[in-house]
Amino acid sequence: MPYFRSATPEQELGKLPLGSRPAKRRPTGGVESLRAIPWIFAWTQNRLMLPAWLGAGAALQQAMLAGHQDQLEAMCRDWPFFSTRLGMLEMVFSKADLWLAEYYDQRLVDKSLWPLGKQLRDQLDADIKAVLTIANDSHLMADQPWIAESIALRNVYTDPLNVLQAELLHRSRAQEARGEEPDARVEQALMVTIAGVAAGMRNTG
């Protein structure tokens, strides 16, 4: 998947000095050979958080369009399993960032793939609105303000790391495309941003 490989640091994960197993089952394989944890980890890094929400919000929207909004709202109020699931989605949505995800696209992704990135961001935005409608809340994590505050405080430090990471990825890949030797300072700084973003997100895969 060219978009995934461009918009996330998936290609660079193998350079991280951690983990007991390689990121891929086959070193020469494509995205289909990627292990589950690196797949989620990579999408977390660019703040799109795709594997955690893709499909869930669309299903909720479809149910609402089919006339089941009242039933969904009742399930949210009265069924702990369902309300917990929505709460988990809200936590993921709180850690996602549409602006940063778009910035990664602008710095790293070929323009021919930008429509796919916009489609995913639009879907994320629609999913957030659907969950807020079902929960009858005006903002995310309204019933867990301490978690919302914790995420907001971490984002103050994590957001600049994301901007820096996108720039470092751009420089590193440009050097590789020109056939130049990797700049050790760029590579080291890139690894630091990956570790920093992972620490800020906490649940990284």
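## Close-up views of helix packing and aromatic pairs

**View 1. Helix α7 against helix α9.** The axes of α7 and helix α9 (residues 145–177) come within 9 Å of each other and cross at roughly 15°. Axes are lines fitted to C-alpha atoms, for helices over the stretch in contact, with angles from 0 to 180 degrees between N-to-C directions. The model is predicted: local features need pLDDT of at least 70 and side-chain atom pairs count only at pLDDT 80 or more, while totals for chains, interfaces and linings use all residues. Residues are numbered from 1 along each chain as its sequence is written, and side-chain values use heavy atoms, with hydrogens and water left out. Helices (H or I, at least four residues) and strands (E, at least two) are DSSP runs, numbered from the N terminus. α7 and α9 are therefore roughly parallel to each other (angles under 35 degrees count as roughly parallel, over 145 as roughly antiparallel, 65 to 115 as roughly perpendicular and the rest as oblique). The crossing of α7 past α9 is right-handed (a crossing is right-handed if the near helix is turned clockwise from the far one by less than a right angle, and left-handed if anticlockwise). On the α7 side, the contact is made by W99, L100, Y103, Y104, R107 and L108; on the α9 side, by D159, N162, V163, Q165, A166, E167, L169, H170 and R173. Contact means heavy atoms within 4.5 Å. The residues of this contact of α7 with α9 divide into eight nonpolar, three polar and four charged (Ala, Val, Leu, Ile, Met, Phe, Trp, Tyr, Cys and Pro count as nonpolar, Asp, Glu, Lys and Arg as charged, and the others, Gly among them, as polar).

**View 2. Y103 in helix α7.** Y103 is found in α7 and is buried, with a relative accessible area of 18%. Buried means under 20% relative accessible area, exposed over 50%, and partly exposed in between (1.4 Å probe, protein chains only). Not counting residues up to four places away in sequence, Y103 touches V163 and A166. The C-alpha atoms of Y103 and N46 are 9.0 Å apart in space, and the two residues are 57 apart in sequence.

**View 3. Helix α7 against helix α8.** Helix α7 (residues 98–108) packs against helix α8 (residues 114–135) at an angle of about 175°, with the axes 10 Å apart. That makes α7 roughly antiparallel to α8. L98, A101, E102, D105 and Q106 of α7 meet W114, G117, R121, L124 and D125 of α8. By class, the contact of α7 with α8 has four nonpolar, two polar and four charged residues.

**View 4. Helix α9 against helix α10.** The axes of α9 and α10 come within 9 Å and cross at roughly 150°, and the crossing is left-handed. From α9, the contact takes in R154, N155, T158, L161, N162, L164, Q165, L168, L169 and S172. From α10, the contact takes in V186, E187, A189, L190, T193, I194, G196, V197, G200 and M201. The residues of the contact of α9 with α10 are ten nonpolar, eight polar and two charged.

**View 5. M201 in helix α10.** M201 lies in helix α10 (residues 184–201) and counts as buried, at 0% relative accessibility. Leaving aside neighbours within four places in sequence, M201 is in contact with T44, R47, M49, K95, R154, N155 and T158. M201 and V92 are 109 residues apart along the chain, with their C-alpha atoms separated by 9.4 Å.

**View 6. Aromatic pairs.** The structure holds seven aromatic pairs. Rings of Phe, Tyr and Trp (its six-membered ring) pair if their centres lie within 6.5 Å; planes under 30 degrees apart count as stacked, over 60 as edge-to-face and the rest as tilted. The ring centres of W39 and W43 are 5.8 Å apart and the ring planes lie at 85°, so this pair is edge-to-face. W39 and W43 are four residues apart in helix α2 (residues 36–45), separated by about one helical turn. W39 is partly exposed, with a relative accessible area of 27%, whereas W43 counts as buried at 0% relative accessibility. In the pair of W79 and F81, the ring centres are 5.5 Å apart and the planes lie at 35°, so the pair is tilted. W79 counts as partly exposed at 42% relative accessibility, and F81 is exposed, with a relative accessible area of 61%. Y3, F4, W39 and W43 form one aromatic cluster.
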